[in-house]
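Please read them with the structure open.

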Amino acid sequence: SAVVDVAIQDYVADVASELTYQNKSPISTEVLFAFPLGPQMSIYSFQACSEDAKVQAMLQDEAQQLHEATGSWEDLEYLQDQSRYPGEVFACFLGTLSPGRELVVSLRYVQELPREPDGAARFVLPHTLHPYTKLHGTACALPSTMFLLAAWSCLSSQLPYSLLLTASLQSPRGVADVQANCSLTPLIYTAQDRSTAQVSLAGSPPGQHDLELLVYFGDPSAVSAVVEKGNPEAPPGSLLGDPMVLVTLAPSIPEAVPGQRQSGEFIFLLDTTFLEHAQVPFQSTDQGRGDSLLFLLKSLPLGCYFNIYCYEASSVGIYPQSVEYTQDNVTEAMRRIPSTGSTPGDTNLLGTLRAVHGTPRPPGHARQLFIFMTGLPSDKEAIAAEVCRHRNSHRCFSFSFSEDSAALATALARETGGEATYVSSNNSMTAVVLQCLKRALKPAAEVISLSWTLPRGLEVEVLGGTPQFIFQGQHSLLYAQIHGQAQDMMGAKGVMTLQCSLDGQDVTHRIEFQLCSQGDGRLAGHRLAARSLLQRLLPEAVSGSGDEPRHRAVEISLASGIICPFTSYVGIRTSQRVPWYQGPLALLAPWQSHISCQMVELRGSCKDSSCYPVTVWVPPGWLTAVQESWRALRRLTCGIAALPNRRACSKASVSSLKYVDPTAYVLCSPIFAPWSTEAFAECQKLVELQSEDGSWALSLGLASVLEVDEAEIKRKMPGEVMEPSIWATVLAVTWLHRPDKCYQDYCELLEAKAVTWLCSRAGSQLDKCLEAANNLLGSSTQPSIFRL
């Protein structure tokens, strides 16, 4: 059974759960608890209790004596088949559970929630707390080793557990609605202004799906601030002792019109062997460059800046710094790109990233990196740390061409709010890249300043830094701590002022908030603030620049309960009534109180969960023997490890780099149907002839693509047309919409630029041109294509 209490404050969640497990087998069962964590989750409390003993997880400074006390986990491959999700897993050995005995596990964690396109906060209950299964028609045997990663059932329409879920909701914007994929009790408001509410699970949870909650607020696009009270037991001035302001930045950003001028700085980092992967049988007519790069550059909007780096040993950009997007600059950039690739060992992505971060950003232009990786660089940790260090100043879209580079590509995108894509030989690479460019072209608000007005004696410190840009459809969470003392905090108010720029227009958001601390004492904001601060400290702490950053990271970790690479979980066992050798949770000799309890990173398995857990018979006491020799654990893994050459790492990553399952990474990447070489060649020839403003010139080359005599094209041009390029551009767009062809995935952005150019030039001539173009090409393109 599970009792789960969720507290959601805007896009922050604190989850307290109590899980009760019972051994219904006639034999004793050894227990391992494993809890997979999502990328934005952090555990801060864990304990397990039986009738005879209690195990509590505590953070300690990672020291040699700690490793000697807890033993070494050299290989945890057996967890691979038990984990549906790759990434971090909290794992703890809990000993032997006798027949008929119960084990109660209490787990607490905090999490930043993702924001849906409509502004809702999305909460998903983890599988360990909601172990739904897919039912099959054959009975399965109860394993002699119980992995408490998920429960399972067989031959039953009833779930094998009970779930009691309660959610407390809070937002200064007001709680508008809650939706779920299961039955909920009516929403009960606990404040007159509807800023707080409660809801509970009614009936059974969904049997074969994730349990999801979507929380809607009064204004999905707004800026808000709320004060969370500190821990009264913590010293004043400390991270947990002072109040924390939870700030949500989600300004309303209007949609951009496709094809119009748009700001932005787009930097392309190419492993030069990428150019080989970018080739199709038809190559560019003059320089033999990759078709993907050609389409990418041609699809950029007017008004932006761009640069290209081929990250060989020199790490030098095509231009010293980003240049304005013009026809001459694009032509020159394509001319300068090397035509041959380097060997994989010659790449220097780290040096290139540092060179990019060392160049000035054009004012008002959001910086976005498109990183193409053929292989996995040897300095992957340093690369991830470099990107993490500059997460507030840019966004990464990463593309990998090998499973080796999947984890790094995912980490770079995840840290900066971008996207990662795997590109295989079966993908249409150009379409994949252009789909990402479409998402990158969503407008952004440039954060100019964030200022505070507080009563005398108080000051604010923003932890983790302030983002330079907020992109449409995204939000930013900030954690700001209030230091000092004021005469009257009960009725006092503070003012936060956000100034940002939207498409060149200055916008000011002024938010007034009560300084009287709120909250239920669970300190979700404080713990996530610690997590954010640790992320900011880690690159400096691991760079070898001194001991102070490391000491500060350890101090924050131990105070908040949030793990960092310099601290480790250790399970502290306390016996309640019986000697150690009789207790069901007894793992160690009487003179020892530590048990194995760690964070591990797994590459995971993409297999669906079912009622068939992968198990092997384990003689009684084998997991206990691990404390004396990890070789016993290796013998255990041989029977159930199905993923050869995949290892777990028993130490948290120094940077944000997390292991991902390459198979799952490949499967979740978009797949596009392959094109015929002939059709793609036709499309690419037309793209090469397009100018950077979106227009085409009336030329012999265009006539060749359209397969119409140039003289015939000139003769059929409507008499009202004063500019031949207008007629040529209408013909090109009409040709792209032939009924027997489909170039939408490749030419959508190019076409939008062309239509925008026509709308600004053609005016009343456009109707006549479209009619004549349909007659000449034998097509039936609709006026709506030209916004008529």
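1. Contact here means heavy atoms within 4.5 Å. By that criterion, glutamine 198 touches Ala167, Ser168, Pro186, Leu187, Ile188 and Thr190, leaving out residues up to four places away in sequence. Glutamine 198 belongs to strand β13 (residues 196-200). Helices (H or I, at least four residues) and strands (E, at least two) are DSSP runs, numbered from the N terminus.

2. A word on the basis. This is a predicted model: local features need pLDDT of at least 70, side-chain atom pairs count only at pLDDT 80 or more, and totals for chains, interfaces and linings use all residues. Residues are numbered from 1 along each chain as its sequence is written, and side-chain values use heavy atoms, with hydrogens and water left out.

3. The classes are buried under 20% relative accessible area, exposed over 50%, and partly exposed in between (1.4 Å probe, protein chains only).

4. An open sheet is built from four strands, ordered β15-β16-β26-β24, with antiparallel pairing. Two strands pair if DSSP finds at least two bridges between them. The edges are β15 (223-228) and β24 (458-463); each has a single partner strand, so one side of each lacks a neighbour in the sheet. Neighbouring strands are turned by 25 degrees against each other on average, direction ignored.

5. β24 and β26 (residues 476-484) run antiparallel and are joined by six bridges. Valine 460 has isoleucine 482 in β26 as its bridge partner.

6. Helix α9 (residues 524-541) lies across β15, β16 (244-249), β24 and β26, at about 105 degrees to β26. Axes are lines fitted to C-alpha atoms, for helices over the stretch in contact, and angles run from 0 to 180 degrees between N-to-C directions.

7. A nonpolar core is a set of buried Ala, Val, Leu, Ile, Met, Phe, Trp, Tyr and Cys residues joined through side-chain atoms within 4.5 Å. The largest has 75 residues; Phe33, Phe35, Phe46, Phe90, Leu94 and Phe123 touch the most other members. α9 gives the most to this core, nine residues. A second, separate core has 74 residues, among them Phe266, Leu297, Phe306 and Val323.

8. In helix α4 (residues 327-336), the buried residues are Val330, Ala333 and Met334. They span an arc of only 95 degrees around the axis, so they sit on the same side of α4. The arc is that of the directions from the helix axis to the C-beta atoms. Their cover includes α3 (291-298) and β18 (305-310).
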